[in-house]
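Please take a walk through this structure, one stop at a time. Keep the sequence and the 3D view side by side as you read.

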Amino acid sequence: MPWTNEAPLWRDRRVWILLGGAILVRILVGFDLWSSDPLVRVLISDAAYYDTWAHALASGEPFREGLSWWLPPLYPYALSRLYLVTGGAPGVTLAVQLALGFGTSVLLLLLCDLLAGRRAALYAGWLWTLYLPVVFFETRLLAVNAALPCCALALLTLVSSSRSSAPTRAVALAAGAGVLCGLASLARPNLLLSGPLLALALAARARSTGEVRAGLVPALALLLGLAVAVAPAALRNHRVSGEWVPITANGGVNFWFGNNALAHGTFHAPGPEWGSIETQRDVSVGIARAESGDAGLGDAGASSWWFARGRTWILEHPAAAARLWLTKLGDAVSSTEFGIQYFPTAIRRDAAGLWITCVPFGVLVALGVLGLGQVRRRELLFAWIAAGAVATLL
């Protein structure tokens with residue numbers, strides 16, 4: 001049953017104006033960054049790692065054989081398929097990512113139209129188009145470019161599931177949403193939290209409406225879809241290393257990076273030995289072996305050791321940990337984009353085209369809060385936001 005009586009999305013002239021604006025912004029910003037920002041073409045850190053990995057996959061060459069994945073695999077695998085066609089030409093990769101980003105904008109427009117109506121969808125579409133990090137990171141070789149389309153499609157599929165009056169279709173769509181959440185997690189592992197919290201939201205809604213069984217089955221289907229998507233990664237890691245690593249082996253050390261005496265809310269490497277992504281895995285395992293006295297410690301064991309070290313600091317310094325989490329929360333809702341390798345606001349000084357994307361995050365947050373009362377199925381959005389907040393604090 002449709003929630004509104006508005007004309008179909010594609011017959012609304014305002015929608016086509018928005019989509020034209022989204023394309024124009026990407027053309028202007030993309031060309032400006034290509035000509036003004038050398039880091040679009042000169043790859044560093046994670047981007048260089050992904051590029052090397054993708055080229056190895058495309059050519060059939062080995063890449064860190066016998067080891068669990070240190071960075072998530074979906075993005076370099078997708079990139080390798082593109083490289084088979086383009087040979088890795090950076091300009092083509094940039095164009096494809098900008099086109100994929102435009103596709104994500106379309107998905108979000110559809111999602112907002114379903115959840116809040118046409119007017120809100122148009123506002124949201126323009127805000128998304130004019131928010132700096134969106135187009136900026138579409139010009140970088142980073143896994144967010146694989147994660148975002150999966151996230152938008154997962155939410156759109158889940159909302160469609162919740163609207164369906166046919167039980168079988170609702171369950172199938174929920175399972176599909178779970179698979180998409182799993183794929184997003186294979187690009188950004190912290191998104192693993194989204195699946196369980198979305199399933200919990202479905203179950204809670206079913207309980208509040210008295211349709212417990214009708215809500216629990218889609219929730220379980222979502223979790224099953226998530227497990228199906230992630231299982232090949234876990235099985236691959238076990239096959240090559242003999243250890244159960246769900247997606248990547250860097251979870252423990254990343255948790256410790258965010259929870260130690262030197263942490264200050266954003267990424268901070270506690271020492272120069274952590275400066276290179278190429279050697280980070282060896283450093284992590286080496287320190288864990290040396291300090292634990294277990295020379296046979298592998299990726300999974302080292303990750304557990306780093307998790308324990310972070311937990312110990314939290315338990316021994318609860319006041320400092322609480323202050324740190326408040327700082328993280330403040331950073332997360334501020335209008336400053338805290339980059340690890342890239343600083344968009346600094347790059348904007350040389351790439352004037354980035355001033356087109358002038359919307360601060362504070363405006364997005366304020367308008368989002370003001371509009372929540374008009375949003376349908378907002379328990380799903382709350383669950384998604386909660387998953388992101390928990391991952392940020394951790």
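The model is a predicted one.

Start with helix 13, which covers residues 299-316.

Now look at its neighbour, helix 14, made of residues 318-333. The two axes come within 5 Å and cross at roughly 105°. That angle makes helix 13 roughly perpendicular to helix 14. Which residues meet here? From helix 13 come Trp 313, Ile 314, Leu 315 and Glu 316. From helix 14 come Pro 318, Ala 320, Ala 321, Leu 324 and Trp 325. Eight of the residues in this contact are nonpolar, one is charged and none is polar.

Stay with helix 13 and look at what it hides. Its buried residues are Asp 299, Ala 302, Ser 303, Trp 305, Trp 306, Gly 310, Trp 313 and Ile 314. An α-helix has 3.6 residues a turn, so residues three or four places apart point the same way. The buried residues of helix 13 pack against helix 11 (251-258), helix 12 (280-292) and helix 14.

Next come the aromatic rings. A pair of aromatic rings is described by the distance of the centres and the angle of the planes. The count of aromatic pairs comes to 18. Take Trp 256 and Trp 306: their ring centres are 4.7 Å apart and their planes stand at 50°, so the pair is tilted. Trp 256 belongs to helix 11 and Trp 306 to helix 13, so the pair ties together parts that are 50 residues apart in sequence. Both Trp 256 and Trp 306 are buried. Trp 306 also pairs with Trp 305. That pair is edge-to-face, with 4.8 Å from centre to centre and 85° between the planes. How accessible is Trp 306? Its relative accessibility is 0%, so Trp 306 counts as buried. Together, Trp 256, Phe 257, Phe 267, Trp 274, Trp 305 and Trp 306 form one aromatic cluster.

Move to helix 1, residues 13-36, and find Val 25 there. Is Val 25 buried or exposed? Its relative accessibility is 7%, so Val 25 counts as buried. Val 25 and Ile 356 are 331 residues apart along the chain, yet 7.4 Å separates their C-alpha atoms. Leaving out residues up to four places away in sequence, Val 25 touches Gly 30, Thr 129, Leu 130, Val 135, Ile 356 and Thr 357.

Leu 108 and Leu 156 are 48 residues apart in sequence, with their C-alpha atoms 7.9 Å apart in space. With residues up to four places away in sequence not counted, Leu 108 touches Trp 128 and Ala 152.

The last stop is in two loops. Most residues other than glycine have a negative phi. Arg 64 is not a glycine, but its phi is positive, at about 50°. Arg 64 lies in the loop between helix 2 (45-59) and helix 3 (74-86). Its relative accessibility is 26%, so Arg 64 counts as partly exposed. Arg 377 also has a positive phi, near 50°. Arg 377 sits in the loop between helix 16 (361-371) and helix 17 (378-393). With a relative accessible area of 15%, Arg 377 is buried.

Terms used:
Residues numbered from 1 in each chain as written. Predicted model: local features only at pLDDT ≥ 70, side-chain atom pairs only at ≥ 80, totals over all residues. Heavy atoms only, no water. Axes fitted to C-alpha atoms, helices over the stretch in contact; angles between N-to-C directions. Helix = DSSP H or I, 4+ residues; strand = E, 2+ residues; numbered from the N terminus. Parallel < 35°, antiparallel > 145°, perpendicular 65-115°, else oblique. Contact = heavy atoms within 4.5 Å. Nonpolar A, V, L, I, M, F, W, Y, C, P; charged D, E, K, R; others polar. Buried < 20%, exposed > 50% of the residue type's maximum accessible area, 1.4 Å probe, protein only. Phe/Tyr/Trp six-rings, centres within 6.5 Å; stacked < 30°, edge-to-face > 60°.
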